[in-house]
Every structure is written in C-alpha cells, then in structure tokens.
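Here are my notes on this model, point by point. Please read them with the structure open.

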Amino acid sequence: MSLQATAPAVSPTLDFDPDLVRSFDRHGPRYTSYPTADRFDAGFDELAYRAAAEQRNAGGALRPLSLYVHLPFCRSLCFYCGCNKIVTRDASKAARYLDYLDREIALQSALFRDDPRVAQMHWGGGTPTYYDTAQLRALFGRIADRFDLARGGDYSIEIDPRTLTTGSIEALRDIGFNRVSFGVQDFNPAVQAAVNRLQSQEHTLSALAAARACGFESINIDLIYGLPLQTPGGFAETLATVVEARPSRIALYNYAHLPALFKAQRRINDRDLPSAETRLELLGIAIDRLGAAGYQYIGMDHFALPGDPLALAQRQGRLQRNFQGYSSGPECDLVGLGVSAIGALGPHYAQNFRSLPEYYGSLDRGRLPVMRGRRLSADDLLRRSVIHSLMCQFTLSKSALEIAYLVDFDHYFASELQDLRELESLGLVTVGKDWIAVTPRGRYVIRGICMVFDRYLRQQAPDVRQYSRVV
Ligand code: SF4
C-alpha cells in the first residue's frame, strides 16, 4: 500500500469507438446514487430521517447543504418524458403545491437550525418556470429566510423556453439564480412534432442570449438523441445551431424508450424511432461535433467548455456527482424538497412521496413526507466511493480506499477485479498495483464499468429493463 504512488495522468479526451459502444448496448443504472434509488426501502421513514439529521448535527458535520427543489407542474406533455411531473393548465393546483412546499421547507429547515449553510440549490421539475416571476421570487425568499444561502453559491434553475416571456430571464437573475439550464432536445420541427414539444429555435436562442447578457455564470442546454424521426442530417443541424450559440455546458442524453414504465412514451410510434445503428450514428456525430467545437467531455452525458466550473472541477479532481448529475460545488449534504425529491445526509438517503395526495397528506398531519430511504452499510459506503471516483475522475486509488475503509482492496474486490480483466482486455480500463484507470476508450461506457462494483447487480438477476440503456 503506497500513498506515494503517482496518479495516472488523466486527459479529458474521449476515444469514441462505435463498435465497442455497440457491444456495450445494455441496460444499466446512471449512478446518481449508490445504492440506486430502486434499492431504497419503506422501512426508512420520517423518524429515521429525523435521526439522520440529528446525527449530522450531533457530529458537528460541517458539510454545507445543497437544496433540491422539485416543482412538478408542466403545461403540456412531452411524449418522451420520464420525469415525475403533473401536466395541468390549472394554475390554482400549482399554487396550492407552493403552500405545501412552504410547510415542508419549515419542517426541514428546523432540522438544520444548528448549521443551515447552503452552498448549492437547484430547482428542477417538471417545469419550474410554470410559475410566474412573483411566485418564484416568493419561494426563493421563503427559502432564503429559513436557510443561510452562501454568497457566491451555485443557484440553478431548469427552464422550459416555451414558458418564458420578455423580461423573465432578467427576473430570474434578479431573484438570485446564477446558473440556468434550457431544455431543447432537438430543433428539428418534425422531431418536435413527434414528441409534442413545439419550441421555436428563434425564441430559444434569444432566451439564451438574454441569459448571457444578464450575467448567468453558466448556461446549459439539454439535447436528446434517439428521439422519433431524428436523422443524422437533422441532428447535425441542431448541433451546429447549438455550438454556434456557445452554451458553457451541453447535456446529451440518450432517449430511454421504456413505455412499460412511462405512460407518456406509449404515445410515441415505435416505427418512428431510429434504429440502433442510427442512434449510434447520432451519438457519433454529436461527440464529433462537440469535440471539434472545443467542448470537454466531463462524463456520462455531459460536455463543458474548458472555462466552465464543471470542466475546471474535473481537471482539479473535485467533481461531484449527485441526484442532479455532475456538480462543481463542494461535497454537500443534500436536502430534497417537494414531491418525489431525494435527499442524502451522510450515510443516509431519503425520498419523499411521489404522489401529491400522499405528499399533502403527510404535511397535513404535520409530518415530513418521507416515503422511503436507506441507511448505507459499510459495504455500500465503500462501493459508493469506488463508483463515485470512477464516475467523476475516471481513476481510483486503491490505497486511498484501503486507508479510508480499512480493507485490502485486491482481496475485498477479488471477483470484481477478475471481471475487470475482461474489460482491460478490451482496452477500457487499466488495472495496476495501486490504481484503476478508465482509458479514453472506456469513458463513454463508464456505467458498464461501474456496474462491475454494484453488489446488488452482482447478487441477483436484476430486472435490468427498469434502467435505461448504457448508450
Ligand atoms: S420533458 Fe419537462 S416539460 Fe416536458 S413533460 Fe417532462 S418535465 Fe414537463
């Protein structure tokens, strides 16, 4: 065991090999947590969550908080959607939700009175911008009253450009957000019609320009490949438009067609979906164009310009991964607010009820709406560190883990290392005495590499179809 061993050099390059990716086309978790949320259990209830918060306070844990606020309402249904959302045009339903959210914020903030510092906050949905500026401002104010929002923290919001009116971007900046993420998916009108999300290119680009003009520090655009009627030529045009607009981050998701799980997706005509070969071509074009335009591959589905905080964090070895994806902020305890939101306090995960009646019912009884969660075992914590390190840094120091977890790495993970040999022979990883490093060729299939260390997938034949495809 040697801490002096030098870390293998990690360059931010990606070596995309379509044949390899084709052979890796299987279902797998996205590892925004380990164990994954499908391993949470209902035995972890409100009392367990309160105990976890108390343990954090008693331990004098000085990790700041990260808040996730889930705002689930949308005005229309995008057929590809797999989010927890409520589609309605009835604004009073959405207003009622804010009242309940306020009750939850009051209950949650009371748990963190001793140390309510917040370094990050993210509002996602649904469509946070379903609400008008006054409602968003009031909600931000209520959170700021009860938590201690750090100056210079990361405050981000997901935006559906279709909901924006003149001046609303400036208002979001004025409220206190400094990062924005725009949902785009594809600018092609035929694709937009096939997924029921008509969104003018002109309107989206002018919203992005407005965000840049009013000083948002980071601007993200979400794209999806694998949508119905997508063609290589059409998607290349979308990519050309996007890279010309120069957002600092681009998330390139693959469309996970799981109609058995997501009802909205049954409205997509299977015959319109691109073939596996075309999907791969779409992905190859995207990786090629983003690389040529100077975007750095961060990991999983994320790309960023070299000056973006995410790219800096990756180069400096301090990238984090949580339920919202990659993050450049410090390691935080996560408080999830709103229906279905997930939190993580030290070695505990907790998720709120996923339906409004259950969420409201708990709050009506003055209870925190915790539906399920998990207290991590020593083995979970070790494997979480392994997967986190591989996902964020593409390397893993065996000695650092041996010291932190008092295990002999090669002995503890003997069968995993045996499986890694196969991946090593494919040129995806190198396994050394002190280090495991993912090669540029293995980076795009990082989920598949992490799956080797997932004890739950190893122990039982999983119903892998509940997960999206690795590529
Ligand atoms: S993709 Fe976004 S806007 Fe569309 S239905 Fe889902 S949550 Fe709502």
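1. Helix α12 (378-393) contributes most to the lining of the second largest pocket, with eight residues. Helices here are DSSP runs of H or I with at least four residues, strands are E runs of at least two, and both are numbered from the N terminus. At least two lining residues also come from each of β11 (320-322), β13 (333-337), β17 (395-397) and α13 (398-405).

2. Basis of the notes. The model is predicted: local features need pLDDT of at least 70 and side-chain atom pairs pLDDT 80 or more, while totals for chains, interfaces and linings use all residues. Numbering starts from 1 along each chain as its sequence is written, and side-chain values use heavy atoms, without hydrogens or water.

3. The second largest pocket holds about 720 Å³ of space. A pocket is an open set of points on a 1 Å grid over the protein atoms alone, where a 1.4 Å probe fits, with protein on both sides within 12 Å along at least five of seven lines; lining residues have an atom within 4 Å of a point. Points are joined across faces, edges and corners, and the volume is the space filled by probe spheres set on them.

4. Which residues are closest to the centre of this pocket? They are Gln320, Arg321, Glu331, Arg384 and His388, out of 38 lining residues. By class, the lining has 17 nonpolar, 15 polar and six charged residues. Asp, Glu, Lys and Arg count as charged; Ala, Val, Leu, Ile, Met, Phe, Trp, Tyr, Cys and Pro as nonpolar; the others, Gly among them, as polar.

5. Domain 1 (1-35 + 378-471) and domain 2 (39-337) each supply at least three residues to the lining of the second largest pocket. The bounds come from an automatic or database domain assignment.

6. Two cis peptide bonds deserve a look. One joins Tyr34 and Pro35, with omega about -5 degrees. Pro35 sits in the loop between α1 (18-23) and α2 (46-58). Another joins Gly125 and Gly126, with omega about 25 degrees. Gly126 is in the loop between β4 (117-125) and α4 (133-146).
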